Amino acid sequence: MTIIPPPEPDPAALQHSLSRLRARRGWSYDQLAARSGLSRRTLIEIEQGRTIGTLATWHALAHAFRIPLGELLDPLCMGHEPPGPAD
């Protein structure tokens with residue numbers, strides 16, 4: 001049995017997705033920080049690619065945007081098929 005490793009995730013796609021979601025709602029960094037409980041600095045660093053954040057960070061963002069966490073993380077699989085159900 002040959003094991004094929006998964007493709008590399010695309011963290012840059014998450015940065016762009018976060019920026020688009022924030023812009024679509026017309027929220028400043030301060031407004032998103034207030035809604036998510038995250039610091040303004042953390043949000044800026046994620047959007048500028050200096051950090052990827054933690055799972056807890058993305059969970060807080062999903063709640064702030066009122067979207068499922070999976071939807072927020074979907075951009076990680078851009079350019080390749082996300083994993084399907086186990087065989």
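Q: Which span should the 15 residues of helix 1 have, and how far apart are its end C-alpha atoms?

A: The model is predicted, and its geometry can be checked against a simple expectation. At 1.5 Å a residue, helix 1 (residues 11-25) should span 21 Å.

Q: Which residues of helix 1 are buried?

A: The general idea comes first. An α-helix has 3.6 residues a turn, so residues three or four places apart point the same way. In helix 1 the buried residues are Ala-13, Leu-14, Gln-15, Ser-17, Leu-18, Leu-21 and Arg-22.

Q: What do the buried residues of helix 1 pack against?

A: Their partners are helix 2 (29-36), helix 3 (40-47), helix 4 (55-65) and helix 5 (69-73).

Q: What follows helix 1?

A: Gly-26 comes after helix 1, with a positive phi near 75°.

Q: How many helices and strands does the protein chain contain?

A: The chain has five helices and zero strands, which gives the pattern α-α-α-α-α along the sequence.

Q: What do the totals for the protein chain say about burial and contacts?

A: Of the 87 residues, 31% are buried. Among contacts between residues at least 6 apart in sequence, 53% join residues at least 24 apart. The C-alpha trace spans about 50 × 25 × 20 Å along its principal axes.

Conventions:
Residues numbered from 1 in each chain as written. Predicted model: local features only at pLDDT ≥ 70, side-chain atom pairs only at ≥ 80, totals over all residues. Heavy atoms only, no water. Helix = DSSP H or I, 4+ residues; strand = E, 2+ residues; numbered from the N terminus. Expected span 1.5 Å × (residues − 1). Buried < 20%, exposed > 50% of the residue type's maximum accessible area, 1.4 Å probe, protein only. Contact = heavy atoms within 4.5 Å.
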